[in-house]
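Let's take a walk through this structure together, one piece at a time. Have the sequence and the 3D view ready as you read.

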Amino acid sequence: MYSRELYTFITAAEQGSFLKASKELFTTPASVMNQINKFEDRIGVKLIERTNQGISLTSAGRIVYKEAKKIIKISEQAISKAKQTAMNEQQVIRVGTSILRPCKMLIELWSEIDDGAYTIHIVPFDDTPSGMETMLSSLGEKIDCFVGPCDSLTWKETCNILQIKQGECAIAVPRKHRLSNKEMLCWNDLNGETIMLVKRGDSPVLNQLRDEIETNHPQITVLDAPHFYDTNIFNECEQIGCLMETLDIWTDVHPSIVTIPMMWDYKMPYGIIYAKHPSETVKSFIAKIKENL
């Protein structure tokens, strides 16, 4: 927003010599001198005195230098405000992402309908129970939405949910386990095994699965897992050699765990979770996705 000659003049004034200014500007001393000469000719005022020791500002040069610094500061502020305005016009959606709740599905879905009205900012969060609690408490403030399994009764009360698909419930098996080479599992395969399952209460789908195990398959031992899975659950599954209820979307989460389909009809809703009282920007964003599902 200001001339190159003015910027060169300020640099030379601050460096105290054409040589030092040229190094700062990645040019030659002759180029710096020529630009300042042109600047002085254009405004009709001598700004710099050349000496054997370097350069010094004239009285007029000191005035121009002082006022020019103000001009540059105002220019930078104007550019910053312009960028902020442009960003506001191109509204930002902050999408949370983690290892077990990656945003890839939402990004791919949005890429098919992107109208240029929104900018997606990716915000990482932690899958640990405490990390999830922190993220959920700031939903709508630091993160606008995230994608994941969404049959939680608590989330249905405290958040908005847009279901995208149904994920297939499956069985996670350590690679060294006797069942790891199976292409498909049935209930009889699980007899005598211990299976980790989210504790009873918040998930209707998994409550129903637990009921079936307790009623019809007493040979299977159920080991409670926290309400929120994190990578430590997969580590524990591998370390103690037990099975674990999982989802097909988590197939590649752990290198030592194999995800095997199970002959049952349990499916887990999977979708976008966002604040109970979202901003108008988020409302509009979600509405566009809903229109194209």
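**A guided tour of helices and rings**

Phe18, Leu19, Ala21, Ser22 and Leu25 in α2 are in contact with Pro29, Val32, Met33 and Ile36 in α3. Sorted by class, this contact of α2 with α3 has eight nonpolar residues, one polar residue and no charged ones. Please keep in mind that the model is a predicted one.

How are the two helices set against each other? Helix α2, residues 18-25, packs with α3 at an angle of about 100 degrees, and their axes are 8 Å apart. An angle from 65 to 115 degrees counts as roughly perpendicular, so α2 is roughly perpendicular to α3.

Phe26 has its place in the loop between α2 and α3. Although Phe26 is not a glycine, it has a positive phi of about 60 degrees. Is Phe26 buried or exposed? With a relative accessible area of 78%, Phe26 is exposed, because a value over 50% counts as exposed.

Next, turn to another partner of α3. The helices α1 and α3 pack at an angle of about 115 degrees, with 9 Å between their axes, and their crossing is left-handed. On the α1 side, Arg4, Glu5, Leu6, Thr8, Phe9 and Ala12 take part, and they meet Val32, Gln35, Ile36, Phe39 and Arg42 in α3. By class, the contact of α1 with α3 has six nonpolar, two polar and three charged residues.

The structure holds twelve aromatic pairs. In the pair of Phe9 and Phe39, the ring centres are 5.9 Å apart and the planes stand at 45 degrees, so this pair is tilted. The pair links distant parts of the chain, with Phe9 in helix α1 (residues 4-15) and Phe39 in helix α3 (residues 29-43), 30 residues apart. Phe9 has 0% relative accessibility and counts as buried. Phe39 counts as buried as well, at 7% relative accessibility, because buried means under 20%.

A further pair is formed by Phe146 and Trp155, which is edge-to-face, with 5.5 Å from centre to centre and 90 degrees between the planes. Phe146 and Trp155 are both buried. Ring pairs also join Phe125, Phe146, Trp155 and Phe228 into a cluster.

Back to Phe9, which has another neighbour to look at. Tyr65 lies in helix α4, residues 59-89. Leaving aside residues up to four places away in sequence, Tyr65 touches Phe9, Ile10, Ala13, Glu14 and Leu57. Tyr65 and Glu14 are 51 residues apart along the chain, and their C-alpha atoms are separated by 9.3 Å. With a relative accessible area of 23%, Tyr65 is partly exposed.

The last stop is one more helix pair. Helix α5 (residues 104-111) and helix α10 (residues 280-292) pack at an angle of about 75 degrees, with their axes 10 Å apart. These two helices, α5 and α10, are therefore roughly perpendicular to each other. Leu106, Leu109 and Trp110 of α5 make the contact with Phe285, Lys288 and Ile289 of α10. The residues of this contact of α5 with α10 divide into five nonpolar, no polar and one charged.

Conventions. Residues are numbered from 1 along each chain as its sequence is written. This is a predicted model: local features need pLDDT of at least 70, side-chain atom pairs count only at pLDDT 80 or more; totals for chains, interfaces and linings use all residues. Side-chain values use heavy atoms; hydrogens and water are left out. Rings of Phe, Tyr and Trp (its six-membered ring) pair if their centres lie within 6.5 Å; planes under 30 degrees apart count as stacked, over 60 as edge-to-face and the rest as tilted. Helices (H or I, at least four residues) and strands (E, at least two) are DSSP runs, numbered from the N terminus. Buried means under 20% relative accessible area, exposed over 50%, partly exposed in between (1.4 Å probe, protein chains only). Axes are lines fitted to C-alpha atoms, for helices over the stretch in contact, and angles run from 0 to 180 degrees between N-to-C directions. Angles under 35 degrees count as roughly parallel, over 145 as roughly antiparallel, 65 to 115 as roughly perpendicular and the rest as oblique. Contact means heavy atoms within 4.5 Å. Ala, Val, Leu, Ile, Met, Phe, Trp, Tyr, Cys and Pro count as nonpolar, Asp, Glu, Lys and Arg as charged, and the others, Gly among them, as polar. A crossing is left-handed if the near helix is turned anticlockwise from the far one by less than a right angle, and right-handed if clockwise.
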